[in-house]
Structures are given as structure tokens and as C-alpha cells.
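Good morning, colleagues. Please turn to the sequence and the structure, which I shall now put on the screen.

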Amino acid sequence: MTADEIFRALAADGTDDPYPLYAELHRLGEVLPVTAPELPYAAAVFGYRAVDRILRDTSFEVHDALRMEPMTPGWRDHAVLVTLMNSMMFSNGDRHGRMRGLFRKVFTPRRVQEMEPDVLRITAELLDGVAELGADGGEVDYMAEFAYLLPARVVGRLLGLPDEDISWFRTQVDLINDWLDFRRKGSDVLAAADQAATRITDYYLELIAKRRADPQRDLISDLTRAIGDGEHEVTDLELVGNLLVLFNASFSTTIHLFGNALPLLLARPEIRSTPELMPAYVEEVLRYDTPAHVFIRVAGRDTELLGVPLKEGELVAVLTGAANRDPRRFAEPDRFDPARADNQPISFGAGVHYCLGAALARAEAQLALPLVLERFPQLALGSEPVRTDQLILRGYKSLPITVTDRALVTAGGTADAAG
Ligand code: HEM
């Protein structure tokens, strides 16, 4: 296959199994120009070293408000674009540093540690629900009942959002994610995303005002306090943009860490008797089947990347999912091996935009996955799972499982999956 054929295939249906296509790419190099006219990128970067380099090189920028003007005239009429462009994820240089500095001040490693009892409590509550739903030996959708709810409730708890508002948030965020998927840029998708962004903005502005007047023990209160102390100049609309991105970035990725992990763990029953190895397993899941495969960078000036020339303003697709399978960096990259030495997947990115929530995502998986296995010794995969159709966020839409042995239930044996 030529490079363009591979990129076309990845854009078309690479979500089912992009890994053979990544292997083809690795045979061709680390960075390649993209010439297919229908693809918006001038180049794609997929070698581990090249991905690490581009993410650390600040002359390659994220899409920001300045770039929007020439590319999407009239973008300020779209609430979703205005809100996203107000966030650190879509800012460069000093503006990025200013917003990220505020969040780093309050979203500290200690804060993540303080969340651990919440993670354990929410996990136990959700597993009770799964046990109840699956007590008759029928199938339960692990994605809907656990993999999504856990990170969504944890980030809700972190921010101080009431549990009953979480499903409303998910609906809004899904509308925005549909638009972020590069294959779905239709005007109806944009209009729906605009409405969702407006509703979320109204919600947050009200909550920010409430917490400013009456602080609680949550991140939004701490953020408003830090701004009030005068050390961090961040406007309320920037706060909203960042809260939207933080909530979105947190559950829409971690859901797939939980989803992608489960079949891999079930195929390796030895992990049940060695739960202390879970951190190494989680790291290997992050490498082997990472939740987020594609990021975009814009060349900030005429430059080159490992020999491929790029003009100012040209887009580069950064394929972290491919970098994690680079045979130059990982021996036998297509083998799941939690014992591999020096395992440092690039799943949380690198450089100034390195994932703000990496420690929380790791903590959630390391704490909750052993509890899932411990709670359900009979846990098994059920009927055919359904995959997401996005490469940007790759995982399962639904992953049916059973948690009780149906034969035992019908024989009148141990029907209590809660054990
Ligand atoms: C397994 C789960 C996760 C994965 C794979 C993941 C992945 C990433 C990656 C690759 C980036 C860098 C994007 C870029 O360079 O353009 C990023 C940024 C970010 N992530 Fe995560 N993430 C995860 C979980 C979380 C969680 C739990 C949170 C929040 C609690 C979070 C919040 C953020 C934020 C705010 C940014 C933007 C940082 C910036 O632009 O400075 N993420 N994430």
C-alpha cells in the first residue's frame, strides 16, 4: 500500500482495526507527507520518536483563535468554537500557560490522592448496580453501566457537579464530540454542537457565580478562589471553556481505558491472583490499545520534521496510537506484555499540552479494575461488542458482559453475583 492509500483507509474504516495499517506505516518511516487532496493534513507523524518530538516542539501549535480566523471566517458566531477556543487545549504560548497555571495550582497530585476514597466508593456503588442488573445471568452493558459512569461521576465529584446532572452533561458533550470528529463537519452537526455549548456555558456561569458566593470543597470553588486571590488572570468565559474541555477530556477518554482494558484483562486470568501488578497492566493497556489515537498540530512557521518540509499553517496528524506500536521503540509491539521494560506509552501526549488528568485517569484504572475482577469471579464477555466509529476516540460503544453463571442461576445455585 502507498502512504496515501493507508491514510485513506485509516480515515475511512481504520477504526475497526487500525493496527495492521499502523504496521504498514512503520515500514515506510516515521513521518510522511500526505498528498491525498481530500485529507486536510499535509503530513502524518506516527513514529514514537517523531511524535514525541512534534508534541514537545512549540513551533508546532494547537489550533487556536488566531488560526480560526482565516480557516473558518465567522467562527465567532458559533458558541462551540468560541467556548473551545477559550480553553487551554486550544491555546498556545502565554495564553495557554496562564490558563494551565491556574489549573495546575488547584488540580494537584494531592488533590488526585484525595479523590481515591471517592473513586473506591463510586466503584463499589456502580458494581452493586451491575451485580443487580446481571443477577439473573443476563447481559449487562459494561460501557453504559460502568466504564462511562465511573469517570463521569469522578470528574463530576471533582468539579462539584450534582450526580443527577451527569447524564445531561453526557448528552451535551456527545453533541460536541460529534462535531470534533473530523469526518462529521456538517452544518447540522455544528448547529447541534453550538446549542450544546450554549447550554453548558449557561450552566457553568451560574455554578461559578454560586461557588464564588458560597465556596464548597470542590475544584470550581478552588478555581474561583485562586482567581479572586489575584494571582491568576482568567476570565469567567475562559473558566467555562476549560471546565467544558476538562469534563469532556476526562470521561470521553477514560471510558475507553476501562473498555479497552476489560477484554485484555479477561484474556489474562493470572492478573486476578496478582492485583498488585495492575499498574503495569494499565500502562500496557494504554500502550497496546490506547483510547485517543489522533491529535492535530499546525506548523507555526515554515519548518521541517525529520526531513519532511512543512509550510506555515499546514496541518499535521499526530498518530499517538501508531507511535505506541512503533517497533523501533517497543519490541514486538503487537504483543500485549505488561512486563515489558521501560514501558512509556505516549498516550497522554508530551510537552506543554501533556494531559492534565493523566494521574487521575491512572488512579481510577489502577483502583477500580482490581475491584471489578474481585467482585465478579464469573465475569465473561457476552454477545458481540460494538465499536465506536471514531479513530480520535477508539473503544467500544457497547461491551456486553455477564457477571453470573447462567447455568448456576437456572440450577438454583449461587444467583447472587454480588458474592
Ligand atoms: C485514559 C484517559 C486519558 C487519555 C488517554 C488522555 C489523553 C490526553 C492527551 C493525549 C492530551 C494531549 C492533547 C494534545 O497534545 O493536543 C490530553 C490533554 C488534556 N487532558 Fe487528557 N487524557 C485522559 C484523561 C484525562 C482526564 C481524566 C482529565 C481531567 C480530569 C483530562 C484532561 C485533559 C486536559 C484538560 C487536557 C489539555 C491540556 C492542555 O492543553 O494543556 N484528561 N489528554
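How far is an oxygen atom of the ligand from an N or O atom in the side chain of R297? In this predicted model, the separation is 2.7 Å. The elements that contribute two or more residues to the shell around the ligand are helix 6 (93–106), helix 14 (236–266), strand 5 (294–299) and helix 18 (358–375). Helix 14 supplies the largest share of that shell, with 6 residues.

I remain with the ligand for a moment. There are 23 residues around the ligand, and those that come nearest are H96, R100, R297, H353 and C355. For H96, a polar side-chain atom lies 2.7 Å from a ligand oxygen atom. For R100, a polar side-chain atom likewise lies 2.7 Å from an oxygen atom of the ligand. By residue class, the shell consists of 13 nonpolar, 8 polar and 2 charged residues.

I now turn to the sheet. In general, the strands of a sheet pair through backbone hydrogen bonds, in either a parallel or an antiparallel manner. Here, 5 strands form an open sheet with mixed pairing, in the order 1-2-8-5-3. Strand 1 (31–33) and strand 3 (60–61) are the edge strands, each pairing on one side only.

Strand 5 pairs with strand 8 (residues 315–319) in the antiparallel sense, over 5 bridges. Within this part of the sheet, F295 has V318 of strand 8 as its bridge partner. Helix 3 (residues 48–56) packs on the sheet and touches strand 1, strand 2 (43–45), strand 3, strand 5 and strand 8. The direction of helix 3 makes about 130 degrees with that of strand 8.

Technical notes:
Residues are numbered from 1 along each chain as its sequence is written. This is a predicted model: local features need pLDDT of at least 70, side-chain atom pairs count only at pLDDT 80 or more; totals for chains, interfaces and linings use all residues. Side-chain values use heavy atoms; hydrogens and water are left out. A residue is near a molecule or strand if one of its heavy atoms lies within 4 Å of it. A polar contact is a pair of N or O atoms within 3.5 Å; within protein, one must be able to donate a hydrogen and the other to accept it, and residues adjacent in sequence count only if both atoms are side-chain atoms. Helices (H or I, at least four residues) and strands (E, at least two) are DSSP runs, numbered from the N terminus. Ala, Val, Leu, Ile, Met, Phe, Trp, Tyr, Cys and Pro count as nonpolar, Asp, Glu, Lys and Arg as charged, and the others, Gly among them, as polar. Two strands pair if DSSP finds at least two bridges between them. Contact means heavy atoms within 4.5 Å. Axes are lines fitted to C-alpha atoms, for helices over the stretch in contact, and angles run from 0 to 180 degrees between N-to-C directions.
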